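The points below may be checked in any order.

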Amino acid sequence: MPYETLIYETAARVARITLNRPERFNAIERQMPREIRAAVERADSDPDVHVIVVKGAGPGFCGGYDLKKFAELTDGDSSGGQAMPWDPTIDFAFMWRNTQDFMSLWRARKPTIAQVHGAAVAGGSDIALCCDFLIMTETARIGYPPARVWGVPTPAMWVYRLGPQAAKRLMMTGDLIDGKAAAQMGLALKAVPESELESAVEALAARLRGVPRNQLMMTKMVVNQAYENMGLATTQMLATFFDGVARHSPEGQWFREYAQEVGFKQAVAERDSGAPIAPHVSKR
């Protein structure tokens, strides 16, 4: 099938899904989550595929949702999908579908590897952390800056991969960490020089693709089920609902209005500076 936002290739028992909007840093638009899920399901149903690798074309993995046009939009809702007054059920339905599309990487019967260079930020970190394995370059960055204002990571995989303290630190601060720090924290399986990224991913894929598909499926299901039993789906429902709330809180509305005034890039720079966010709003 044709894809608009990615490239799908297979060779030597490995399916490679390449996010392919390099001119927009592979930013997520409406079609991309659906195409990721379709590609994963295609690989999952292919008996010749044992491993799925996800990577990004161009300078990085994925820069998150394509928010600039939504933040600076002067008509309609900040999600770009409905007119005010905001209906949280419409927002939830849209974002919940995206969450489940990304989670196809987690629920695939075959192991999935995120190959991260450049950056996997905001929604890009959602995609990477839904994979079973994360291999990064030492200088690649990962994090969820919109957690400072205007967003909540809907798959909520930070807590399941890091534990409560480290997850709170990264989600509350919105800090970005590099590949070395991610590997030290156990978020990434390993961090390597950029010149060695392809070979590091290939080494893991080569080790996995020799294992029978049924054995890979059983092992993955055993591990995943432990997290499902811990309430993963319930956590994601709450996170997805709160993501919509965050974009429509007083501070969230201020951020959008400020982005319309000074531009999204400048608003993000001030959001991430460490200075108080919308202090005049917070004191109400």
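1. The structure under review is a predicted model. Every distance, angle and accessibility quoted here should be read with that in mind.

2. Arginine 34 belongs to helix H1 (residues 31-44) and aspartate 101 to helix H3 (residues 88-102), so the pair ties together parts that are 67 residues apart in sequence. Arginine 34 has a relative accessibility of 17% and therefore counts as buried. Aspartate 101 is likewise buried, its relative accessible area being 2%.

3. Arginine 107 and glutamate 228 meet through their side chains in a salt bridge of 3.3 Å, N to O. Because arginine 107 is in helix H4 (residues 104-107) and glutamate 228 in helix H10 (residues 213-229), this pair ties together parts 121 residues apart in sequence. Are these two side chains buried or partly exposed? Arginine 107 is partly exposed at 36% relative accessibility, and glutamate 228 is partly exposed with a relative accessible area of 23%.

4. Aspartate 243 forms a salt bridge with arginine 247, whose closest N and O atoms are 3.0 Å apart. The two residues are 4 positions apart in helix H11 (residues 232-248), which means that about one helical turn separates them. Both aspartate 243 and arginine 247 are buried.

5. Aromatic pairs. The aromatic pairs number 9. Among them is the pair of tyrosine 3 and tyrosine 8, which is tilted, with 6.3 Å from centre to centre and 40 degrees between the planes. Tyrosine 3 and tyrosine 8 are both buried. In the pair of phenylalanine 241 and phenylalanine 242, the ring centres are 6.1 Å apart and the planes lie at 45 degrees, so this pair is tilted as well. Phenylalanine 241 is partly exposed at 38% relative accessible area, and phenylalanine 242 is partly exposed at 41%. Elsewhere, Trp106, Tyr160 and Tyr227 form one aromatic cluster.

6. Helix H12. This helix (residues 250-262) has 13 residues, and its span from first to last C-alpha is 18 Å, close to the 18 Å expected at 1.5 Å a residue. Which of its residues are buried? They are Gly252, Trp254, Phe255, Arg256, Tyr258 and Ala259. Just after H12, glycine 263 adopts a positive phi of about 100 degrees.

7. Threonine 137. This residue is found in strand E6 (residues 133-137). Threonine 137 counts as buried because its relative accessibility is 0%. Its side chain reaches the backbone nitrogen of alanine 140 at 3.0 Å. With neighbours within four places in sequence left aside, threonine 137 is in contact with Val116, His117, Gly118, Gly179, Ala191, Val192, Glu194 and Leu197.

Methods:
Residues are numbered from 1 along each chain as its sequence is written. This is a predicted model: local features need pLDDT of at least 70, side-chain atom pairs count only at pLDDT 80 or more; totals for chains, interfaces and linings use all residues. Side-chain values use heavy atoms; hydrogens and water are left out. Buried means under 20% relative accessible area, exposed over 50%, partly exposed in between (1.4 Å probe, protein chains only). A polar contact is a pair of N or O atoms within 3.5 Å; within protein, one must be able to donate a hydrogen and the other to accept it, and residues adjacent in sequence count only if both atoms are side-chain atoms. Contact means heavy atoms within 4.5 Å. Rings of Phe, Tyr and Trp (its six-membered ring) pair if their centres lie within 6.5 Å; planes under 30 degrees apart count as stacked, over 60 as edge-to-face and the rest as tilted. The expected span of a helix is 1.5 Å times one less than its number of residues. A salt bridge is a side-chain nitrogen of Lys or Arg within 4 Å of a carboxyl oxygen of Asp or Glu.
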